[in-house]
Each structure stands twice: as C-alpha cells, then as structure tokens.
Amino acid sequence: MLNDQKVVFSGVQPSGNLTIGNYLGAMRNFSAFPDHKCFYCVVDLHAITVRQVPADLRRRTYETLALYIASGLDPEKNVLFVQSHVPAHAELGWILDCYTMFGELSRMTQFKDKSAHHADNINAGLFTYPSLMAADILLYQTDIVPVGIDQKQHLELARNIAARFNGVHGETFVVPEPYIPETGMKIMSLAEPTAKMSKSDPNPNAVVYILDDPDTIMRKFRRAVTDSDCTICRGEGKEGIANLMTIYSCCTGKSDEEITAEFSSAGYGKFKEAVGEVVIEALRPVRQEWTRLMADKAYLEQVMKSGAEQAAYYARKTMSKVRRKLGFV
Ligand code: TRP
C-alpha cells in the first residue's frame, strides 16, 4: 500500500440477524486501526454456502453494512463494500482452489460442523469456503485480519495458501497475520454457554440481537444460564458466569478482578441485571444510528458503490500480478 500503510481486511456474513456477539466480538474492534488502510466486506458469496431466502439475504446485506457504519466505521475513511460487487473475489477464489489441498479443507472444523448441521446440502462451496476467504484477504495484500478465535484455523490456511503460491510463483501475496483481541472475540450462547452465540440459534433466549429492545435484552440476561455456585469469577463449570463477565468487561472495559470485587457481595441475579444494563447502554447509540441508516437506503447504496469502486482498484492490481504469474494470456 502507498506510504507503507498497513492493510486490514475483515468480513462479516449477511446471514442471520446480527447479535451482540457480532458487535462486541468483532465489529466494534474494527475501529482499532485508525492509521491503517481498512477494508470491511459484507461477504454475501460466503453466505450462499448455506441456503438463503433471497429477500432476507438482500435485507441483511444492507443491515450488515449499516452496522459497520453504526459501530463507528466512517465510510470516508474505510472501504466498506459488498463482496459480490467485486468479481475478483470469485475469480481469485477459483485460482486459490487450485492451490488448496483437499486434505486441508477436510480438516476445517467449521466445515465439519456446518456439514453436520446442513446434512442435506453439503455443497462444494461449503467445502471450498476457506479458499474464497483466503482470496478475500490476499486480494488486498492484507497485513492484519481482525477475526474471532473461531476463524483462526481459516486464517492459518490462508497463510499456507499464500506461502504455497509465493513458493511456486515468487513473491505475489503478503502473508497475513490474524489479530485476535484477548477478550470479546467469542461471546457464548446465554442458554448453552459452552457454544458460541450464533445468529442462527433456534432458541431465541440464547441470543441477544442488536435490534432487541431494552426490555427484551434485560429479560434474556435475567434468564441466562449460570451455575449452582455463587461467586462471580471464572472457573471449571462456570462458563455461563465467565461469558457474562466477558460481556460486562467488553462494555465497561473492566478487568476480571475489578468485576469480581465489584460484585463480591451481590448474587447472580444482581450481576445479570448489571450486565443487562451495560449492554442496553452500549447498544443504545448503535441501534439508534443503525435505525436511522436503515431508513436511508440511498445513502447505503452510495457507500456500497463507492466502496466497491475503491476495492476493485486494489483488487485489479493484485489480479494482474496473479494472471501474469500464472501464465494467463
Ligand atoms: N468466515 C468469516 C466468518 O464467518 C467471514 C469472512 C469471510 C472473513 N471472508 C473473510 C473474515 C475474510 C475475515 C477475513 O466469520
């Protein structure tokens, strides 16, 4: 990038309603790179690896873009765009398929999980999902990829693909580094705190959506599964409390020690309400801004268009290098 500016890339799928896991765990951390060249993408090509209702996919694409902006990413300073608007993603995805091994893809835990959940639709795209993700990243000569811990394996693979391609054809791609902040990257289900909070969870009490109103948020936190102990700290069998501590910490910036001290004489009920309160307050401005943006489709479309143009400019540079290296005429 110009002036040796480091490049940041990340993506969020426009599938399912967005949760506080997406916000606290990922999107909010995207603002941490004010001096970098940042690309944030709505990965609709990835979303179709699982069947989508077209009207829902379309709406969620706008919603995800609006959430990027509402969580503090200024479209004037960051490249915000939709993956399918830049065809080079699919093109490089195919090329990288040819530099990705069947065995590597077979070992991906997300593939194993998703094929268990969608046994009637184990399509080739679900299998090659990680090489498309590698294409997203490598297309922009990305240095840093902020992701949740669950994406670490995919990122390792992207690094291997980049190194393999560079090994065969000479320096072509920057080998990207993951950026996984200590707290917050993995928010767990409120009902089953050993599982990730997932936007597609069928149990509505397990998941807090960004659009939930304050009463709903409070009700969900009051019902959060905890344990039969009564101290507010992390430990064996205390995944529920640990998750609430993570959420509280994300919203307040307090450390585990501070939280334990603050609630040393409080019961779980009090703590759950306190977590509900801070989440409601953290989400309030985001929800307001998001609602305002969702009413302004024309503005969102203008952001998408300008983002895609900028992204395509950088993608084109990488693609011409790749084509030359491969021997395409
Ligand atoms: N696989 C990521 C997820 O489900 C989304 C994603 C697609 C992504 N392409 C990416 C994340 C590139 C980071 C970089 O969360």
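**View A. Surroundings of glutamate 104.** Leaving aside its neighbours within four places in sequence, glutamate 104 has contacts (heavy atoms within 4.5 Å) with Leu157, Asn160 and Arg164. The model is predicted: local features need pLDDT of at least 70, side-chain atom pairs count only at pLDDT 80 or more, and totals for chains, interfaces and linings use all residues. Residues are numbered from 1 along each chain as its sequence is written, and side-chain values use heavy atoms, with hydrogens and water left out. Glutamate 104 belongs to helix α5, residues 102-106; helices are DSSP runs of H or I with at least four residues, strands are runs of E with at least two, and both are numbered from the N terminus. With a relative accessible area of 10%, glutamate 104 is buried (under 20%; exposed is over 50% and partly exposed in between, with a 1.4 Å probe and protein chains only). A polar contact of 2.8 Å links its side chain to that of arginine 164. Such a contact is a pair of N or O atoms within 3.5 Å; within protein, one must be able to donate a hydrogen and the other to accept it, and residues adjacent in sequence count only if both atoms are side-chain atoms. A polar atom of the glutamate 104 side chain also lies 2.9 Å from the backbone nitrogen of methionine 101.

View B. A ligand nitrogen lies 2.6 Å from an N or O atom in the side chain of tyrosine 129, and a ligand nitrogen is 2.7 Å from an N or O atom in the side chain of aspartate 136. The protein covers 90% of the 360 Å² of accessible area that the ligand has on its own (Shrake-Rupley method, 1.4 Å probe).

**View C. Helix α9 and its cover.** In α9, residues 214-222, the buried residues are Thr216, Ile217, Met218, Lys220 and Phe221. Their cover includes α1 (20-25), α10 (239-252) and α12 (268-294).

**View D. The two domains.** Domain 1 spans 7-180 + 297-326 and domain 2 spans 214-290, with bounds from an automatic or database domain assignment. Eight residues of domain 1 and ten residues of domain 2 take part in the contact. The C-alpha centres of domain 1 and domain 2 are 31 Å apart.
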